[in-house]
Amino acid sequence: TVNSLIITREHRVTQSAAPFRAHDSDAELRKISIEFLVYLFGNSSVSPSACLVDFSDSCPGKQEELRDIENNRRTFQILSAQATVTSVAISADRMSADVIAPCVFRDKELATGHEATSSGDCYLTAVYEQNRWWLCSSSFLNGSRQISMFEFFRLNRRRGGAP
């Protein structure tokens, strides 16, 4: 009221804002990394193509990953897998990320039946596109270089991987 008169006021919005999306990128990247390493790649009964459910089609690493998993499945049966994400580094533009996850795989070489344990730092890359995080590639860190998981399993055999 103003001077005992009731005044009606109206507020109108004339422009609309673009949708706003909020992400817990760290948690999303940790989740898809563990899902891949432990429950997909780490489970030999999952087909190689099904393992790539969280890999982006725009990444050239997706086809390399498929070949790596196919080679691994032909040569080894993974008996158990463990991984814990220790580092998530998201780029300044928030469009790519690197994930480091120490991982342990217990496996059996199909040709010989020999069992071994392979452990090391798994390294995954990711991109943000289509309103979510996707994996691009995975590898093992071997000193200062990256090697495929299949190559790491084979290298571990030559070193006499712990049973």
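Ser-139 lies in strand β5 (residues 132–142), strands being DSSP runs of E with at least two residues and helices runs of H or I with at least four, numbered from the N terminus. The model is predicted, so that local features need pLDDT of at least 70 and side-chain atom pairs count only at pLDDT 80 or more, while totals for chains, interfaces and linings use all residues. Residues are numbered from 1 along each chain as its sequence is written, and side-chain values use heavy atoms, with hydrogens and water left out.

The side chains of Ser-139 and Gln-146 are joined by a polar contact of 3.3 Å (N or O atoms within 3.5 Å; within protein, one must be able to donate a hydrogen and the other to accept it, and residues adjacent in sequence count only if both atoms are side-chain atoms). Beyond four places in sequence, Ser-139 touches Asp-121, Cys-122, Tyr-123, Gln-146 and Ile-147, contact meaning heavy atoms within 4.5 Å.

Accessibility classes are buried (under 20% relative accessible area), exposed (over 50%) and partly exposed (in between), with a 1.4 Å probe and protein chains only.

| Residue | Relative accessible area | Class |
|---|---|---|
| Ser-139 | 6% | buried |
| Ile-7 | 45% | partly exposed |

Ile-7 is found in the segment before α1 (25–40).

Strands β2 (residues 87–90) and β3 (residues 96–109) run antiparallel and are joined by 4 bridges; pairing requires at least two DSSP bridges. Ser-87 stands opposite Ile-100 in β3. The hairpin has 5 residues between the strands, and Arg-94 takes a positive phi near 60° in this hairpin.
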